[in-house]
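The entries follow the order in which I went through it.

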Amino acid sequence: MINILTNISSLVTINANGKLFKAGKDMQDIQEIKNAAMVFDTNIIWVGKESELEQYLIDNPIKEYKTISADNKCIIPGFVDSHTHIVFAGSRSNEFAKRLRGATYKEIADEGGGIQTTVKATRNASIDDLFQNGKTFAISAIKYGTTALEIKSGYSLNLDGEIKQLEAIKKLKENLPLSISSTFMGAHDIPIEFRDNKDKYIDLICDEMLPLIKEKQLAEFCDVFVDEGYFTVNDGDKIFKKASELGFKLKLHADELANTEAASLAARWDAVSADHLLNVSENGIQNMIKSGTVFTLLPGTAYFIRLPYAPARKIIDKGGILAIASDCNPGSCYTENMQLILSLAVINMNMTAEEALTAATLNGAYALRKSDEFGSIEVGKKANFLILDSSNYADLFYHFGINHVKETWISGVQFDK
Ligand code: NIG
Ligand code: FE
């Protein structure tokens, strides 16, 4: 069925004219159309000023269509949350309360809590438990405007458990309308049983996990947590070598807790993105700009574990390709609400509203290598868009802490809880 959406006060298209991302100062250019209309089925067929719609329909007659009014509201592309860990079991609310009493993220991890707490619970969960838990997050995310998600494994840290998590992600793909990309992150932490023999665990990742996951086609990306106390640049090199030989696209958790020059590792391997980057060096920034690696910033994590934010302004001013995502996970950032992430990006990373919108849509899609399919309101792309409760996109940032999404549309269908 073809739909004609009229009475759109402001249509933020983020149109890049077929280009797959916006870098640096181009992120400011959101290509807003005032008093717009849009024709779509599962994909976008026509976008323009409402005053030009009549002529379009004369030139391109459509036999049967449904007209919908946007009631003079603003429309933006659906959010692309390109970094999450929403397939897990258990809760860390007690550890969170402990942090509020003064313990640090690192202290909790050193006591055997943190990621290991979630690993214990996830190892004991069934595929269906993980699927149900993930589904709850994904549906909530859709209500806050997310129309595409990436989900990582990495809370089992053994062969069967990592496969189980990836199977749960596959089941989410099959049962939910939004686009889901899946990432293998066996190198999220060193499991307890390998604490004295990290190299052996890396061998297990390279010799058993990666080949089997490739064979079963359970993940597109491979991600590694290169940081102080976790994996080194050298470990990252080994895992990336094997992963890229097998044809995985690469992502990296880089320079989050400390600078270990992980950003340069991502650049050297032409990783699709390096994420976090709270402590990225000048050199790391330069190398990532040269390789065209996406800077995926996760301001919710800096907020939730009270760390200084990543240098978004510097990255944009130097011409980087910057995306923002939630990092939704039970330890370092427990939210699936992308509107909150946009708010943190503008207030605490000094981004403009327009840059934040570009970062959470087109550039997020590019960080999944899917910006040819969605991420902007452009003819031929999926009709993934949000009808806001306001006529002006600035209200999304101005009136903070509430849900501005009136309707989430995915592939031309309104999501109906
Ligand atoms: O992206 N940095 C590493 N991993 C997650 C946190 C995982 C956890 O605490 O459960 C992150 O922040
Ligand atoms: Fe993460």
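**Entry 1: ground rules.** I am working with a predicted model, where local features need pLDDT of at least 70, side-chain atom pairs count only at pLDDT 80 or more, and totals for chains, interfaces and linings use all residues. Residues are numbered from 1 along each chain as its sequence is written, chains are lettered from A and ligands numbered from 1 in the order in which they are written, and side-chain values use heavy atoms, with hydrogens and water left out.

**Entry 2: the iron ion.** Which protein donors does the iron ion (ligand 2) have? I found His-83 (NE2), His-85 (NE2), His-253 (NE2) and Asp-327 (OD), at 2.1 to 2.2 Å from the ion. Donors are N, O and S atoms within 2.8 Å of the metal (3.2 Å for Na, K and Ca); water is not among the atoms, so sites may look incomplete. Buried means under 20% relative accessible area, exposed over 50%, and partly exposed in between (1.4 Å probe, protein chains only).

**Entry 3: helix 6 and helix 7.** Two packed helices are described by the angle between their axes and the distance between the axes. For helix 6 (residues 159-175) and helix 7 (residues 198-215) I noted an angle of about 30° and axes 10 Å apart. Helices (H or I, at least four residues) and strands (E, at least two) are DSSP runs, numbered from the N terminus. Axes are lines fitted to C-alpha atoms, for helices over the stretch in contact, and angles run from 0 to 180 degrees between N-to-C directions. Helix 6 and helix 7 are therefore roughly parallel; the label covers angles under 35 degrees, with over 145 roughly antiparallel, 65 to 115 roughly perpendicular and the rest oblique. On the helix 6 side I listed Leu-159, Glu-162, Ile-163 and Leu-166, which meet Glu-208, Met-209, Leu-212 and Ile-213 in helix 7. Contact means heavy atoms within 4.5 Å.

**Entry 4: helix 7 and helix 8.** Helix 7 also packs with helix 8 (residues 233-245), at an angle of about 15° and with the axes 10 Å apart. This pair, helix 7 and helix 8, is therefore roughly parallel too. The residues I found in the contact include Ile-202, Ile-205 and Cys-206 of helix 7 and Lys-238 and Ile-239 of helix 8.

**Entry 5: two buried residues.** Is Leu-386 buried or exposed? Leu-386 counts as buried because its relative accessibility is 0%. I placed Leu-386 in strand 13 (residues 385-388). Its C-alpha atom is 8.9 Å from that of Thr-146, 240 residues apart along the chain. Asn-363, in helix 15 (residues 362-366), is buried as well, with a relative accessible area of 0%. Not counting residues up to four places away in sequence, Asn-363 touches several residues, among them Phe-21, Met-27 and Ile-321.

**Entry 6: positive phi.** Most residues other than glycine have a negative phi. I noted that Gln-31, not a glycine, has a positive phi of about 50°. Gln-31 sits in the loop between strand 1 (2-12) and strand 2 (32-40) and is partly exposed at 32% relative accessible area. Ser-411 has a positive phi of about 45° and is not a glycine either. I found Ser-411 in the loop between strand 14 (405-410) and strand 15 (413-414), partly exposed at 21%.
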